[in-house]
Amino acid sequence: MTWLIAMLGLVACGNNGTGDTGAAGLDVQPLGSYTTDTGGLTGNIPLEIPDGTSSVLVHCGDYGYDVLGTAWDIKDSSGAYYYTNQYHDAYAATQMRVGNLDDHLPVLFPVSPDHDISSGSWSINAWIASGGTPTTVDCEAIYRTDPVGSSGTIDLNVVLVGLDGLGLDASTAADDADLQAALSYAQDLWSDAGLVIGNVTYLDFKGNVDRYSVVDISDTDASEFGDLLKQDVGGTTRAMTVFFVQEIADASGATVLGLAAGPPGAATVTGTSKSGMVVTTADLRDAPNEIGLILAHEGAHFLGLFHTSEKTGDVQDPLSDTPECTEASNTDGNSYLDRDECAGKGADNVMFWAPAIDISSTMTADQGWVLRRNPAVH
Amino acid sequence: MPTAQDLQGLGDGVGAELLEMALDPSLTHTQRARATVALGWFPTDASLATLGSLLAGSDDLLARKAAFALATGWADHAVPLLTTALASDSVQLRMATTRALGSLRSDSAKAALSHRLDAETNSAVQDLIRAQLTN
Ligand SMILES: [Zn+2]
């Protein structure tokens with residue numbers, strides 16, 4: 001039965017205002033409204049990247065859950081392409097990655113030390129694929145201008161949604177041994193990356209608990225997930241917001257253990273469908289380390305990391321020091337890469353597409369480089 | 001989560017093992033939940049009996065999974081059991097059962113949902129029933 005348990009234990013990972021940052025070390029600049037042309041492009045949106053900027057987060061929205069948005073291109077201060085979409089005439093295969101995201105588009109760069117940035121007049125052209133219908137989006141840029149060290153701190157807003165059955169709310173969370181074990185395990189996993197959990201603010205969910213304590217999603221409809229992330233939770237702005245719910249369930253009724261906005265999420269931005277991540281707590285009493293693993297994996301997505309290799313092996317992350325597991329490793333011919341097929345090729349990395357807690361999980365130097373640059377980290 | 005084809009392709013005995021897993025307290029809650037959902041792909045009398053008792057049991061997560069498995073494996077034949085679950089005290093079970101019935105899209109499932117809408121007092125469940133009825 002062990003093999004069947006392993007199959008059923010795969011941690012499959014799924015794939016959503018205005019900024020109110022102003023925290024020291026962040027320079028928040030409204031970029032205005034842009035209406036797309038018939039091809040869905042906003043045209044060049046100017047970005048004035050200040051001296052000493054370590055990362056840039058541009059976000060535009062909202063454009064609805066039925067529409068996907070991404071970056072068409074990004075130009076640096078010399079006018080050269082820093083990024084081009086795969087359908088762009090100037091597409092280059094070796095570059096950073098940008099997500100294709102519904103409703104609200106965060107674009108974070110750099111997401112690899114191979115593609116660092118410089119200050120000056122840049123631009124981004126966003127592609128909102130609304131089928132030729134002009135779409136107006138509001139955009140904002142967040143420049144992280146404080147220094148990035150070998151260690152970075154991420155504060156957390158932990159929002160507890162309908163967890164009375166676990167005896168868990170904002171008044172008990174700090175003393176809940178299992179929740180603290182989960183946070184501690186996430187900390188262990190992130191320590192390879194030089195990422196340290198700082199202040200944790202526990203918050204009771206103030207919205208519709210009946211609607212959101214079980215979050216229902218499907219391959220084509222993540223609106224309940226996005227609507228939860230839009231909720232006003234209070235807490236700290238320069239932090240990552242984590243909603244702990246009873247369960248995330250997919251359309252077949254199957255349990256999804258965690259789901260982050262992005263990658264990347266709209267770090268330090270509140271009120272958007274990309275403003276946080278959600279973790280299923282069904283195993284909190286059975287396996288708190290599993291909750292910690294989910295937090296570490298999904299949190300890293302939110303902060304800008306992709307899977308080392310995607311599920312089928314056809315797409316790799318943009319980092320040069322992470323192992324690659326390609327389609328050639330799919331020796332059993334099923335629809336995804338198994339852990340044993342990727343042994344030594346990323347299966348033990350926190351950002352493997354289906355990470356497991358029964359191994360000594362690792363992260364690489366480049367993964368840490370990206371995580372520590374995120375605007376939510378200080 | 002593996003697909004129905006993945007599991008059915010593993011050969012004989014998988015349904016029986018899933019049944020054991022669904023009831024095995026040494027497994028994690030979500031492992032049991034996934035086994036319970038997968039029982040819908042192995043519709044035997046034994047799994048029907050187990051799913052019926054999980055649906056009426058005190059474990060809300062497994063009851064929700066049983067609702068989906070019953071809809072997957074038994075379609076309209078599961079409507080009477082699911083109709084009972086629609087009157088559960090658990091809001092989340094009522095919502096999961098509403099989705100499970102909604103997935104059937106049949107007249108009998110819609111009749112069960114319409115009937116429940118008359119008695120339902122929770123606005124989140126009411127909204128979901130209306131959404132499923134218009135799907
Ligand atoms: Zn993932």
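1. Since strand pairing comes up below: two strands count as paired if DSSP finds at least two bridges between them. Keep in mind that this is a predicted model.

2. On that basis, β16(A) and β17(A) (residues 277–280) run antiparallel and are joined by three bridges. In that pair, Ala260(A) sits opposite Met277(A) of β17(A).

3. Now the sheet they belong to. Chain A has an open, mixed sheet of five strands, ordered β11-β10-β13-β17-β16. β11 (195–204) and β16 (258–260) of chain A are the edge strands with a single partner each, so each has one side without a neighbour in the sheet. From one strand to the next, the twist averages 20°.

4. Two helices are worth a look here. α2(A) (residues 177–191) packs on the sheet, where it touches β10, β11 and β13 of chain A, and its direction makes about 150° with that of β11(A). α4(A) (residues 223–230) lies across β13, β16 and β17 of chain A, at about 115° to β17(A).

5. On to the chain A–chain B interface. It buries about 2,600 Å², with 58% of that from carbon and sulfur atoms. Chain A puts 33 residues into the contact and chain B puts in 30.

6. For specific interactions, the rule finds four salt bridges across the interface. One of them links the side chains of Glu224(A) and Arg99(B), at 3.4 Å from N to O. There are also 13 residue pairs in polar contact between chain A and chain B.

7. As for what chain A presents to chain B, the elements giving two or more residues are α1, α3, β12 and β14 of chain A. The largest share, five residues, is from α1(A). By class, this side of chain A has 17 nonpolar, eight polar and eight charged residues.

Definitions and conventions: Residues are numbered from 1 along each chain as its sequence is written. Chains are lettered from A and ligands numbered from 1 in the order in which they are written. This is a predicted model: local features need pLDDT of at least 70, side-chain atom pairs count only at pLDDT 80 or more; totals for chains, interfaces and linings use all residues. Side-chain values use heavy atoms; hydrogens and water are left out. Contact means heavy atoms within 4.5 Å. Buried area is the accessible area (1.4 Å probe) that two parts lose on being put together, summed over both. A polar contact is a pair of N or O atoms within 3.5 Å; within protein, one must be able to donate a hydrogen and the other to accept it, and residues adjacent in sequence count only if both atoms are side-chain atoms. Helices (H or I, at least four residues) and strands (E, at least two) are DSSP runs, numbered from the N terminus. Ala, Val, Leu, Ile, Met, Phe, Trp, Tyr, Cys and Pro count as nonpolar, Asp, Glu, Lys and Arg as charged, and the others, Gly among them, as polar. Axes are lines fitted to C-alpha atoms, for helices over the stretch in contact, and angles run from 0 to 180 degrees between N-to-C directions.
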